[in-house]
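Student: Please take a close look at one part of this model: the charged side-chain pairs.

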Amino acid sequence: MTERIVVVGFGPVAARLIDELLPAVRSGIAHLTVIGEESEAAYNRVLVADLGVGRTTPAALALADAAALVADGVDVRLGVRVRRVDRARQRVLLSDGTSPGYDRLVFATGSRPVIPNLTGLNPDPAAPVLPPGVTALRDLRDAAVLHSAVAGGKRVVVLGGGVLGLETALAAAEEGATVTVVHNGPHPLGRNIDRGGGSVLAASLRKCGVRVAGNARSVGVEHNAPDSGFSALLLDDGSAIDGDLLVLSCGVRPRTELAEGCGLSTAAGILVDHKLRAHHEPHIFAIGDCAEVRCPEPECVQCRTARGPSGLVGPGWRQAEWLADYLTLLASGAFAEAEALPPLPAELPGVIVLKARGMNMAVAGDVSADPWDEEALTAGAVNGRARLQIAQWADPEHGRYVKMTTRAGVLEGLVSVGMPRTSAELVQLFERGAELPADRSLLLRLDGPDHAAAAGSVDPSRTVCRCAGVSGTAIASAVTEGCGTVPEVSAATRAGTGCGGCHDDIKGIIEAHFQGAVA
Ligand SMILES: Cc1cc2nc3c(=O)[nH]c(=O)nc-3n(C[C@H](O)[C@H](O)[C@H](O)COP(=O)(O)OP(=O)(O)OC[C@H]3O[C@@H](n4cnc5c(N)ncnc54)[C@H](O)[C@@H]3O)c2cc1C
(Lines give C-alpha, C1' and ligand atoms only; values in the text may rest on other atoms or scores of the structure.)
Protein backbone atom coordinates (compact mmCIF):
# COMPACT_ATOMS: atom_id res chain seq x y z
CA MET A 1 0.00 0.00 0.00
CA THR A 2 1.27 3.48 -0.87
CA GLU A 3 1.01 5.90 2.04
CA ARG A 4 -0.79 9.13 1.08
CA ILE A 5 0.95 12.09 2.69
CA VAL A 6 -0.68 15.51 2.30
CA VAL A 7 1.22 18.67 3.23
CA VAL A 8 -0.78 21.84 3.86
CA GLY A 9 1.25 24.95 3.03
CA PHE A 10 4.25 25.31 0.75
CA GLY A 11 6.64 27.58 2.63
CA PRO A 12 10.33 26.97 3.40
CA VAL A 13 9.60 24.31 6.02
CA ALA A 14 7.26 22.31 3.77
CA ALA A 15 9.90 22.58 1.02
CA ARG A 16 12.48 20.91 3.28
CA LEU A 17 10.02 18.16 4.24
CA ILE A 18 9.22 17.48 0.60
CA ASP A 19 12.89 17.42 -0.33
CA GLU A 20 13.58 14.86 2.34
CA LEU A 21 10.54 12.74 1.43
CA LEU A 22 11.46 12.52 -2.25
CA PRO A 23 13.34 9.21 -1.95
CA ALA A 24 10.17 7.64 -0.47
CA VAL A 25 8.10 9.11 -3.32
CA ARG A 26 10.53 7.91 -5.98
CA SER A 27 10.60 4.42 -4.52
CA GLY A 28 6.80 4.31 -4.59
CA ILE A 29 6.19 3.81 -0.87
CA ALA A 30 4.67 7.29 -0.45
CA HIS A 31 2.37 9.44 -2.53
CA LEU A 32 2.89 13.11 -1.72
CA THR A 33 0.49 16.01 -2.26
CA VAL A 34 1.47 19.58 -1.37
CA ILE A 35 -1.10 22.35 -1.31
CA GLY A 36 0.10 25.96 -1.30
CA GLU A 37 -2.12 29.00 -1.16
CA GLU A 38 0.49 31.22 -2.80
CA SER A 39 0.87 30.97 -6.57
CA GLU A 40 4.61 30.25 -6.30
CA ALA A 41 6.39 27.17 -5.00
CA ALA A 42 8.32 27.68 -1.74
CA TYR A 43 10.83 30.52 -1.60
CA ASN A 44 13.14 31.81 1.11
CA ARG A 45 10.81 34.09 3.05
CA VAL A 46 13.67 35.20 5.29
CA LEU A 47 15.02 37.22 2.36
CA VAL A 48 11.75 38.96 1.47
CA ALA A 49 13.02 42.29 2.88
CA ASP A 50 16.22 41.97 0.82
CA LEU A 51 14.05 41.41 -2.24
CA GLY A 52 11.94 44.43 -1.26
CA VAL A 53 14.96 46.72 -1.27
CA GLY A 54 16.32 45.31 -4.53
CA ARG A 55 19.26 43.35 -3.14
CA THR A 56 18.23 40.01 -4.54
CA THR A 57 15.90 38.49 -7.13
CA PRO A 58 12.87 36.19 -6.84
CA ALA A 59 14.86 33.51 -8.68
CA ALA A 60 17.59 33.61 -6.01
CA LEU A 61 14.95 33.04 -3.33
CA ALA A 62 13.49 29.88 -4.89
CA LEU A 63 13.60 26.83 -2.61
CA ALA A 64 11.61 24.40 -4.75
CA ASP A 65 11.00 23.69 -8.41
CA ALA A 66 7.36 22.73 -8.92
CA ALA A 67 7.93 21.25 -12.39
CA ALA A 68 10.77 19.05 -11.13
CA LEU A 69 8.63 17.87 -8.21
CA VAL A 70 5.78 16.99 -10.57
CA ALA A 71 8.25 15.08 -12.74
CA ASP A 72 9.20 13.15 -9.59
CA GLY A 73 5.56 12.22 -9.03
CA VAL A 74 4.61 14.81 -6.40
CA ASP A 75 1.10 16.23 -6.73
CA VAL A 76 1.78 19.99 -6.46
CA ARG A 77 -1.22 22.29 -6.14
CA LEU A 78 -0.39 25.99 -6.20
CA GLY A 79 -2.77 28.89 -5.66
CA VAL A 80 -5.13 26.53 -3.83
CA ARG A 81 -6.22 26.86 -0.22
CA VAL A 82 -7.18 24.10 2.16
CA ARG A 83 -10.54 25.24 3.51
CA ARG A 84 -11.29 22.43 5.90
CA VAL A 85 -9.96 19.16 7.22
CA ASP A 86 -12.43 16.30 7.57
CA ARG A 87 -10.72 14.10 10.13
CA ALA A 88 -13.45 11.49 10.18
CA ARG A 89 -13.02 10.79 6.46
CA GLN A 90 -9.31 11.72 6.37
CA ARG A 91 -9.79 14.26 3.59
CA VAL A 92 -8.87 17.88 3.02
CA LEU A 93 -11.39 20.13 1.29
CA LEU A 94 -9.76 22.55 -1.12
CA SER A 95 -10.77 25.91 -2.57
CA ASP A 96 -10.80 24.35 -6.09
CA GLY A 97 -13.57 21.97 -5.00
CA THR A 98 -11.44 18.83 -4.84
CA SER A 99 -10.88 16.83 -1.66
CA PRO A 100 -7.79 14.61 -1.64
CA GLY A 101 -7.61 11.91 1.00
CA TYR A 102 -4.69 11.34 3.36
CA ASP A 103 -3.14 8.72 5.58
CA ARG A 104 -0.83 11.31 7.15
CA LEU A 105 -1.50 15.01 7.10
CA VAL A 106 1.18 17.62 7.86
CA PHE A 107 0.31 21.20 8.73
CA ALA A 108 3.06 23.58 7.57
CA THR A 109 0.78 26.60 7.45
CA GLY A 110 3.32 29.02 8.93
CA SER A 111 2.29 32.29 10.46
CA ARG A 112 0.69 35.55 9.39
CA PRO A 113 1.60 39.09 10.35
CA VAL A 114 -0.18 40.70 13.29
CA ILE A 115 -2.24 43.62 11.98
CA PRO A 116 -2.57 46.27 14.69
CA ASN A 117 -5.92 47.73 15.52
CA LEU A 118 -5.74 51.21 13.97
CA THR A 119 -8.44 53.52 12.67
CA GLY A 120 -8.46 53.35 8.88
CA LEU A 121 -7.05 49.84 8.91
CA ASN A 122 -9.88 47.43 9.45
CA PRO A 123 -8.94 44.12 7.94
CA ASP A 124 -10.94 40.99 8.15
CA PRO A 125 -8.74 38.99 10.56
CA ALA A 126 -9.37 35.79 8.58
CA ALA A 127 -8.23 37.30 5.27
CA PRO A 128 -6.57 40.65 5.86
CA VAL A 129 -6.78 43.02 2.91
CA LEU A 130 -4.67 46.06 3.63
CA PRO A 131 -5.43 49.44 2.06
CA PRO A 132 -3.15 50.78 -0.70
CA GLY A 133 0.20 51.98 0.59
CA VAL A 134 0.17 49.62 3.59
CA THR A 135 2.02 46.30 3.64
CA ALA A 136 3.01 43.71 6.21
CA LEU A 137 6.07 42.35 4.35
CA ARG A 138 5.47 38.64 4.42
CA ASP A 139 5.38 37.48 0.79
CA LEU A 140 6.60 38.26 -2.72
CA ARG A 141 3.74 40.69 -3.40
CA ASP A 142 4.61 42.66 -0.26
CA ALA A 143 8.24 42.75 -1.38
CA ALA A 144 7.17 44.19 -4.76
CA VAL A 145 5.25 46.95 -2.96
CA LEU A 146 8.28 47.84 -0.84
CA HIS A 147 10.52 47.68 -3.88
CA SER A 148 8.56 50.26 -5.84
CA ALA A 149 8.66 52.63 -2.83
CA VAL A 150 12.40 52.18 -2.28
CA ALA A 151 13.25 52.43 -5.97
CA GLY A 152 11.21 55.64 -6.15
CA GLY A 153 13.07 57.11 -3.14
CA LYS A 154 9.74 57.35 -1.28
CA ARG A 155 9.11 57.94 2.43
CA VAL A 156 8.71 54.64 4.26
CA VAL A 157 7.24 54.45 7.76
CA VAL A 158 8.00 51.19 9.60
CA LEU A 159 5.63 50.51 12.48
CA GLY A 160 7.34 48.26 15.03
CA GLY A 161 10.78 48.33 16.62
CA GLY A 162 11.42 44.57 16.54
CA VAL A 163 14.35 43.03 14.74
CA LEU A 164 12.52 42.55 11.40
CA GLY A 165 11.32 46.16 11.42
CA LEU A 166 14.83 47.41 12.14
CA GLU A 167 16.41 45.24 9.44
CA THR A 168 13.86 46.43 6.90
CA ALA A 169 14.35 50.06 7.92
CA LEU A 170 18.14 49.87 7.71
CA ALA A 171 18.11 48.14 4.33
CA ALA A 172 15.52 50.54 2.85
CA ALA A 173 17.43 53.59 4.14
CA GLU A 174 20.66 52.29 2.70
CA GLU A 175 18.98 51.80 -0.67
CA GLY A 176 17.75 55.39 -0.79
CA ALA A 177 14.37 55.58 0.93
CA THR A 178 13.58 58.08 3.68
CA VAL A 179 12.72 55.83 6.60
CA THR A 180 11.12 56.40 10.00
CA VAL A 181 10.78 53.61 12.55
CA VAL A 182 7.89 54.15 14.94
CA HIS A 183 7.77 52.15 18.17
CA ASN A 184 5.95 52.51 21.44
CA GLY A 185 8.75 51.94 23.97
CA PRO A 186 11.60 54.13 25.15
CA HIS A 187 13.95 52.42 22.67
CA PRO A 188 13.74 49.86 19.83
CA LEU A 189 13.79 46.13 20.62
CA GLY A 190 12.08 47.10 23.86
CA ARG A 191 11.13 43.53 24.79
CA ASN A 192 14.63 42.13 24.42
CA ILE A 193 17.30 44.70 25.12
CA ASP A 194 18.18 46.80 28.19
CA ARG A 195 18.06 50.59 28.34
CA GLY A 196 21.80 51.13 27.70
CA GLY A 197 21.91 48.78 24.70
CA GLY A 198 18.61 50.15 23.37
CA SER A 199 19.83 53.74 23.57
CA VAL A 200 23.06 52.95 21.73
CA LEU A 201 21.06 50.96 19.19
CA ALA A 202 18.69 53.89 18.57
CA ALA A 203 21.65 56.27 18.14
CA SER A 204 23.29 53.84 15.70
CA LEU A 205 20.08 53.61 13.67
CA ARG A 206 20.00 57.40 13.42
CA LYS A 207 23.62 57.42 12.29
CA CYS A 208 22.64 55.00 9.53
CA GLY A 209 20.04 57.50 8.33
CA VAL A 210 16.94 55.95 9.96
CA ARG A 211 14.67 58.30 11.87
CA VAL A 212 13.45 56.81 15.13
CA ALA A 213 10.20 57.87 16.77
CA GLY A 214 10.06 56.27 20.23
CA ASN A 215 7.33 56.34 22.90
CA ALA A 216 4.90 56.79 20.02
CA ARG A 217 1.45 55.25 20.29
CA SER A 218 -0.13 54.98 16.88
CA VAL A 219 -3.89 55.19 16.69
CA GLY A 220 -4.74 55.39 13.01
CA VAL A 221 -3.68 55.72 9.40
CA GLU A 222 -4.58 58.55 7.06
CA HIS A 223 -5.08 58.25 3.33
CA ASN A 224 -4.80 60.92 0.64
CA ALA A 225 -8.40 60.15 -0.29
CA PRO A 226 -10.71 57.17 0.38
CA ASP A 227 -9.30 54.09 -1.38
CA SER A 228 -6.09 55.88 -2.29
CA GLY A 229 -2.60 55.62 -0.88
CA PHE A 230 -1.39 55.92 2.68
CA SER A 231 -0.32 59.43 3.66
CA ALA A 232 0.38 59.43 7.41
CA LEU A 233 0.47 57.42 10.60
CA LEU A 234 -1.51 59.17 13.32
CA LEU A 235 -0.29 59.18 16.93
CA ASP A 236 -2.26 59.50 20.16
CA ASP A 237 -0.73 62.91 20.96
CA GLY A 238 -2.37 64.32 17.83
CA SER A 239 0.80 64.36 15.75
CA ALA A 240 1.30 62.48 12.49
CA ILE A 241 4.22 60.85 10.73
CA ASP A 242 3.95 61.46 7.01
CA GLY A 243 4.96 58.84 4.48
CA ASP A 244 4.14 57.13 1.20
CA LEU A 245 4.31 53.52 2.42
CA LEU A 246 3.51 52.04 5.83
CA VAL A 247 5.28 48.77 6.60
CA LEU A 248 3.64 46.94 9.49
CA SER A 249 6.16 44.99 11.51
CA CYS A 250 4.22 44.12 14.62
CA GLY A 251 5.04 40.42 14.99
CA VAL A 252 3.49 37.26 13.62
CA ARG A 253 0.83 34.83 14.77
CA PRO A 254 0.90 31.10 13.94
CA ARG A 255 -1.81 30.03 11.49
CA THR A 256 -3.82 27.60 13.57
CA GLU A 257 -7.32 28.21 12.16
CA LEU A 258 -7.52 25.02 10.09
CA ALA A 259 -6.34 22.90 13.02
CA GLU A 260 -8.79 24.60 15.36
CA GLY A 261 -11.55 24.11 12.81
CA CYS A 262 -11.05 20.34 12.89
CA GLY A 263 -10.92 20.16 16.68
CA LEU A 264 -7.19 19.86 17.31
CA SER A 265 -5.63 21.35 20.43
CA THR A 266 -3.91 24.68 19.97
CA ALA A 267 -2.23 27.24 22.20
CA ALA A 268 -0.04 29.86 20.50
CA GLY A 269 0.53 27.23 17.79
CA ILE A 270 -0.86 23.81 16.91
CA LEU A 271 0.07 21.63 19.88
CA VAL A 272 2.24 18.66 18.97
CA ASP A 273 4.15 16.08 21.00
CA HIS A 274 7.84 15.20 20.69
CA LYS A 275 7.08 13.24 17.53
CA LEU A 276 5.45 16.37 16.06
CA ARG A 277 2.06 14.62 16.22
CA ALA A 278 -1.04 16.60 17.03
CA HIS A 279 -2.32 15.73 20.49
CA HIS A 280 -4.34 12.51 20.47
CA GLU A 281 -4.31 12.34 16.64
CA PRO A 282 -1.75 9.91 15.18
CA HIS A 283 -2.50 10.86 11.56
CA ILE A 284 -1.81 14.58 11.80
CA PHE A 285 1.48 16.45 12.34
CA ALA A 286 2.58 20.08 12.41
CA ILE A 287 5.97 21.65 11.73
CA GLY A 288 7.50 25.10 11.36
CA ASP A 289 6.02 28.43 12.40
CA CYS A 290 2.56 26.94 13.03
CA ALA A 291 3.71 24.20 15.43
CA GLU A 292 4.13 24.36 19.19
CA VAL A 293 5.99 21.40 20.69
CA ARG A 294 4.36 20.77 24.05
CA CYS A 295 3.35 17.21 24.80
CA PRO A 296 0.16 16.27 26.67
CA GLU A 297 2.13 14.60 29.52
CA PRO A 298 1.77 16.83 32.60
CA GLU A 299 4.96 15.29 34.02
CA CYS A 300 7.19 16.11 31.03
CA VAL A 301 10.11 18.20 32.36
CA GLN A 302 11.10 19.40 28.89
CA CYS A 303 7.63 20.79 28.24
CA ARG A 304 7.40 22.61 31.55
CA THR A 305 9.77 25.27 30.22
CA ALA A 306 8.73 24.96 26.57
CA ARG A 307 7.95 28.15 24.72
CA GLY A 308 5.61 28.76 21.80
CA PRO A 309 6.74 28.59 18.16
CA SER A 310 10.08 30.35 17.66
CA GLY A 311 9.09 32.10 14.41
CA LEU A 312 12.51 31.14 13.03
CA VAL A 313 13.18 29.01 10.02
CA GLY A 314 16.00 26.89 11.52
CA PRO A 315 13.93 24.96 14.08
CA GLY A 316 11.28 24.33 11.39
CA TRP A 317 13.87 22.88 9.04
CA ARG A 318 15.14 20.53 11.72
CA GLN A 319 11.57 19.42 12.46
CA ALA A 320 11.00 18.81 8.73
CA GLU A 321 14.11 16.64 8.48
CA TRP A 322 13.17 14.62 11.54
CA LEU A 323 9.56 14.18 10.41
CA ALA A 324 10.63 13.07 6.93
CA ASP A 325 12.66 10.24 8.49
CA TYR A 326 9.75 9.29 10.72
CA LEU A 327 7.14 9.34 7.93
CA THR A 328 9.44 7.40 5.60
CA LEU A 329 9.82 4.65 8.19
CA LEU A 330 6.05 4.59 8.77
CA ALA A 331 5.41 4.45 5.01
CA SER A 332 7.79 1.52 4.66
CA GLY A 333 6.03 -0.35 7.45
CA ALA A 334 9.04 -0.09 9.82
CA PHE A 335 6.86 0.96 12.75
CA ALA A 336 9.24 -0.21 15.50
CA GLU A 337 12.18 1.63 13.90
CA ALA A 338 10.03 4.74 13.53
CA GLU A 339 9.18 4.73 17.22
CA ALA A 340 12.84 4.07 18.10
CA LEU A 341 14.11 7.11 16.15
CA PRO A 342 16.25 9.34 18.38
CA PRO A 343 14.19 12.34 19.46
CA LEU A 344 14.47 15.72 17.82
CA PRO A 345 17.45 17.42 19.50
CA ALA A 346 16.72 20.45 21.69
CA GLU A 347 17.26 23.82 20.02
CA LEU A 348 20.08 26.17 21.01
CA PRO A 349 18.94 29.01 23.26
CA GLY A 350 17.47 31.92 21.31
CA VAL A 351 19.80 34.72 20.20
CA ILE A 352 18.60 37.83 18.37
CA VAL A 353 21.08 39.00 15.79
CA LEU A 354 20.54 42.10 13.65
CA LYS A 355 21.38 41.41 10.02
CA ALA A 356 22.39 44.75 8.56
CA ARG A 357 25.29 46.19 6.65
CA GLY A 358 27.55 48.33 8.79
CA MET A 359 25.70 47.64 12.02
CA ASN A 360 26.14 44.78 14.44
CA MET A 361 23.97 43.79 17.37
CA ALA A 362 23.31 40.61 19.31
CA VAL A 363 21.13 40.12 22.34
CA ALA A 364 20.18 36.97 24.25
CA GLY A 365 18.78 35.84 27.55
CA ASP A 366 17.66 38.03 30.40
CA VAL A 367 19.53 41.34 30.42
CA SER A 368 17.18 43.34 32.59
CA ALA A 369 19.37 43.51 35.74
CA ASP A 370 21.77 46.40 36.21
CA PRO A 371 25.18 46.19 37.96
CA TRP A 372 23.98 47.90 41.14
CA ASP A 373 20.48 46.50 41.22
CA GLU A 374 20.94 44.46 44.47
CA GLU A 375 17.45 43.02 44.39
CA ALA A 376 17.78 41.67 40.85
CA LEU A 377 21.32 40.40 41.47
CA THR A 378 20.35 38.33 44.49
CA ALA A 379 17.03 37.07 43.08
CA GLY A 380 17.26 33.33 42.55
CA ALA A 381 20.52 33.10 44.58
CA VAL A 382 19.19 30.48 46.99
CA ASN A 383 20.28 26.97 48.02
CA GLY A 384 23.91 27.66 47.19
CA ARG A 385 23.09 29.11 43.75
CA ALA A 386 25.43 31.97 42.86
CA ARG A 387 24.16 35.53 42.54
CA LEU A 388 24.10 37.34 39.22
CA GLN A 389 27.11 39.40 38.19
CA ILE A 390 26.94 42.13 35.59
CA ALA A 391 29.84 43.47 33.54
CA GLN A 392 28.94 46.44 31.38
CA TRP A 393 30.80 48.76 29.04
CA ALA A 394 29.36 51.70 27.14
CA ASP A 395 30.87 54.01 24.55
CA PRO A 396 27.82 55.75 23.10
CA GLU A 397 29.94 58.22 21.15
CA HIS A 398 31.27 55.37 19.00
CA GLY A 399 28.08 53.32 19.03
CA ARG A 400 29.49 50.54 21.23
CA TYR A 401 27.90 48.81 24.18
CA VAL A 402 28.37 45.42 25.86
CA LYS A 403 26.62 43.84 28.81
CA MET A 404 27.39 40.38 30.17
CA THR A 405 25.03 38.94 32.76
CA THR A 406 26.62 35.90 34.37
CA ARG A 407 25.93 33.44 37.14
CA ALA A 408 28.97 31.50 38.37
CA GLY A 409 30.86 32.85 35.36
CA VAL A 410 28.37 31.49 32.81
CA LEU A 411 26.35 33.85 30.63
CA GLU A 412 22.62 34.13 31.36
CA GLY A 413 22.25 37.15 29.12
CA LEU A 414 24.25 39.33 26.77
CA VAL A 415 23.96 42.53 24.79
CA SER A 416 26.53 43.61 22.24
CA VAL A 417 26.12 46.61 19.95
CA GLY A 418 28.78 47.76 17.48
CA MET A 419 31.26 45.04 18.55
CA PRO A 420 31.11 42.26 15.94
CA ARG A 421 33.91 40.03 17.25
CA THR A 422 32.92 40.40 20.87
CA SER A 423 29.38 39.64 19.85
CA ALA A 424 30.37 36.46 17.97
CA GLU A 425 32.43 35.25 20.93
CA LEU A 426 29.72 36.01 23.48
CA VAL A 427 27.08 34.23 21.40
CA GLN A 428 29.33 31.20 21.19
CA LEU A 429 29.95 31.17 24.94
CA PHE A 430 26.23 31.65 25.61
CA GLU A 431 25.23 28.75 23.37
CA ARG A 432 27.81 26.43 24.87
CA GLY A 433 27.09 27.50 28.45
CA ALA A 434 30.87 27.97 28.80
CA GLU A 435 32.55 29.99 31.53
CA LEU A 436 33.76 33.49 30.67
CA PRO A 437 37.36 34.55 31.35
CA ALA A 438 37.64 36.11 34.82
CA ASP A 439 38.94 39.26 33.15
CA ARG A 440 35.88 40.19 31.11
CA SER A 441 37.76 43.01 29.39
CA LEU A 442 39.56 40.33 27.32
CA LEU A 443 36.30 39.89 25.42
CA LEU A 444 36.06 43.60 24.68
CA ARG A 445 39.56 43.59 23.25
CA LEU A 446 38.47 41.24 20.46
CA ASP A 447 37.22 44.34 18.66
CA GLY A 448 40.36 46.30 19.45
CA PRO A 449 43.28 46.97 17.08
CA ASP A 450 45.16 43.86 18.30
CA HIS A 451 42.22 41.64 17.36
CA ALA A 452 44.14 39.43 14.91
CA ALA A 453 45.78 37.43 17.71
CA ALA A 454 42.49 37.03 19.57
CA ALA A 455 40.62 36.02 16.40
CA GLY A 456 42.75 32.86 16.30
CA SER A 457 40.87 31.59 19.36
CA VAL A 458 37.61 30.95 17.45
CA ASP A 459 36.26 27.47 18.18
CA PRO A 460 36.25 25.55 14.86
CA SER A 461 33.29 23.44 15.98
CA ARG A 462 31.04 26.42 16.71
CA THR A 463 27.69 26.68 14.94
CA VAL A 464 28.35 28.95 11.96
CA CYS A 465 24.96 28.74 10.26
CA ARG A 466 22.24 28.93 12.90
CA CYS A 467 19.40 28.54 10.38
CA ALA A 468 20.61 25.22 8.94
CA GLY A 469 22.49 24.22 12.11
CA VAL A 470 25.88 23.73 10.40
CA SER A 471 29.16 23.81 12.34
CA GLY A 472 32.47 25.34 11.32
CA THR A 473 33.92 21.82 11.24
CA ALA A 474 31.34 20.66 8.65
CA ILE A 475 32.03 23.73 6.49
CA ALA A 476 35.79 23.27 6.77
CA SER A 477 35.50 19.66 5.67
CA ALA A 478 33.33 20.69 2.67
CA VAL A 479 36.07 23.18 1.76
CA THR A 480 38.73 20.48 2.14
CA GLU A 481 36.67 18.31 -0.20
CA GLY A 482 36.77 20.98 -2.91
CA CYS A 483 34.14 23.66 -2.23
CA GLY A 484 35.75 27.01 -2.96
CA THR A 485 32.83 29.47 -2.90
CA VAL A 486 29.91 30.24 -0.59
CA PRO A 487 27.33 28.83 -3.08
CA GLU A 488 29.36 25.61 -3.33
CA VAL A 489 29.53 25.29 0.45
CA SER A 490 25.79 26.01 0.63
CA ALA A 491 25.02 23.33 -1.94
CA ALA A 492 27.14 20.78 -0.08
CA THR A 493 26.15 21.55 3.52
CA ARG A 494 23.05 23.85 3.38
CA ALA A 495 25.04 26.39 5.42
CA GLY A 496 24.06 29.91 4.37
CA THR A 497 20.73 28.93 2.80
CA GLY A 498 18.60 30.71 5.42
CA CYS A 499 19.09 34.32 6.45
CA GLY A 500 22.56 34.51 4.90
CA GLY A 501 23.99 36.23 7.97
CA CYS A 502 26.83 33.68 8.09
CA HIS A 503 28.13 34.26 4.53
CA ASP A 504 31.09 36.30 5.78
CA ASP A 505 32.00 33.56 8.26
CA ILE A 506 31.83 30.93 5.50
CA LYS A 507 34.03 33.13 3.31
CA GLY A 508 36.45 33.44 6.25
CA ILE A 509 36.69 29.64 6.58
CA ILE A 510 37.29 29.27 2.82
CA GLU A 511 39.97 31.97 2.87
CA ALA A 512 41.65 30.51 5.94
CA HIS A 513 41.77 27.13 4.20
CA PHE A 514 43.38 28.49 1.04
CA GLN A 515 45.78 30.74 2.98
CA GLY A 516 46.81 27.67 4.96
CA ALA A 517 47.29 25.72 1.73
CA VAL A 518 49.47 28.51 0.26
CA ALA A 519 51.51 28.73 3.47
C1 LIG B 1 10.86 39.70 6.32
C2 LIG B 1 11.13 38.45 7.10
C3 LIG B 1 12.41 38.23 7.63
C4 LIG B 1 12.68 37.07 8.36
N5 LIG B 1 13.94 36.89 8.85
C6 LIG B 1 14.24 35.74 9.49
C7 LIG B 1 15.57 35.46 9.93
O8 LIG B 1 16.46 36.29 9.78
N9 LIG B 1 15.83 34.27 10.52
C10 LIG B 1 14.85 33.33 10.68
O11 LIG B 1 15.12 32.24 11.19
N12 LIG B 1 13.56 33.56 10.29
C13 LIG B 1 13.24 34.74 9.71
N14 LIG B 1 11.96 34.96 9.28
C15 LIG B 1 10.92 33.97 9.61
C16 LIG B 1 10.89 32.83 8.59
O17 LIG B 1 10.63 33.35 7.32
C18 LIG B 1 9.83 31.83 9.01
O19 LIG B 1 10.25 31.23 10.23
C20 LIG B 1 9.63 30.75 7.95
O21 LIG B 1 9.13 31.32 6.76
C22 LIG B 1 8.65 29.69 8.45
O23 LIG B 1 8.40 28.79 7.42
P24 LIG B 1 7.04 27.94 7.35
O25 LIG B 1 7.16 27.13 6.12
O26 LIG B 1 6.80 27.30 8.66
O27 LIG B 1 5.88 29.02 7.22
P28 LIG B 1 5.59 30.12 6.11
O29 LIG B 1 6.85 30.63 5.54
O30 LIG B 1 4.66 31.09 6.73
O31 LIG B 1 4.84 29.32 4.96
C32 LIG B 1 3.55 28.78 5.16
C33 LIG B 1 2.87 28.68 3.82
O34 LIG B 1 1.64 27.98 4.01
C35 LIG B 1 0.63 28.60 3.26
N36 LIG B 1 -0.68 28.29 3.85
C37 LIG B 1 -1.14 28.65 5.07
N38 LIG B 1 -2.39 28.19 5.25
C39 LIG B 1 -2.72 27.52 4.12
C40 LIG B 1 -3.89 26.82 3.70
N41 LIG B 1 -4.97 26.71 4.48
N42 LIG B 1 -3.90 26.26 2.47
C43 LIG B 1 -2.81 26.34 1.66
N44 LIG B 1 -1.68 26.99 2.01
C45 LIG B 1 -1.63 27.58 3.23
C46 LIG B 1 0.98 30.08 3.34
O47 LIG B 1 0.37 30.82 2.32
C48 LIG B 1 2.51 30.02 3.20
O49 LIG B 1 2.89 30.04 1.86
C50 LIG B 1 11.66 36.12 8.56
C51 LIG B 1 10.37 36.34 8.03
C52 LIG B 1 10.11 37.48 7.31
C53 LIG B 1 8.74 37.71 6.75
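Is R89 buried or exposed? Start there, then go through the salt bridges.

Tutor: This is a predicted model, where local features need pLDDT of at least 70, side-chain atom pairs count only at pLDDT 80 or more, and totals for chains, interfaces and linings use all residues. Residues are numbered from 1 along each chain as its sequence is written, and side-chain values use heavy atoms, with hydrogens and water left out.

R89 is exposed, at 59% relative accessibility. (Buried means under 20% relative accessible area, exposed over 50%, partly exposed in between, with a 1.4 Å probe and protein chains only.) Its partner is D86, in a salt bridge at 2.9 Å, N to O. A salt bridge here is a side-chain nitrogen of Lys or Arg within 4 Å of a carboxyl oxygen of Asp or Glu. D86 is buried, at 12%.

Next, D370 and K403: their closest N and O atoms are 3.3 Å apart. D370 sits in the loop between β21 (361–365) and α12 (374–378), and K403 in strand β23 (residues 400–407), so the bridge ties together parts 33 residues apart in sequence. Helices (H or I, at least four residues) and strands (E, at least two) are DSSP runs, numbered from the N terminus. D370 is partly exposed at 36%; K403 is buried at 0%.

R466 and E431 also form a salt bridge, with closest N and O atoms 1.6 Å apart. This pair links distant parts of the chain, 35 residues apart: R466 in the loop between β25 (463–465) and β26 (470–471), E431 in helix α13 (residues 420–432). R466 is partly exposed at 29%. E431 is buried at 14%.

Finally, a network of salt bridges links R16, D19, E20, E321 and R494. The count comes to 37 salt bridges.
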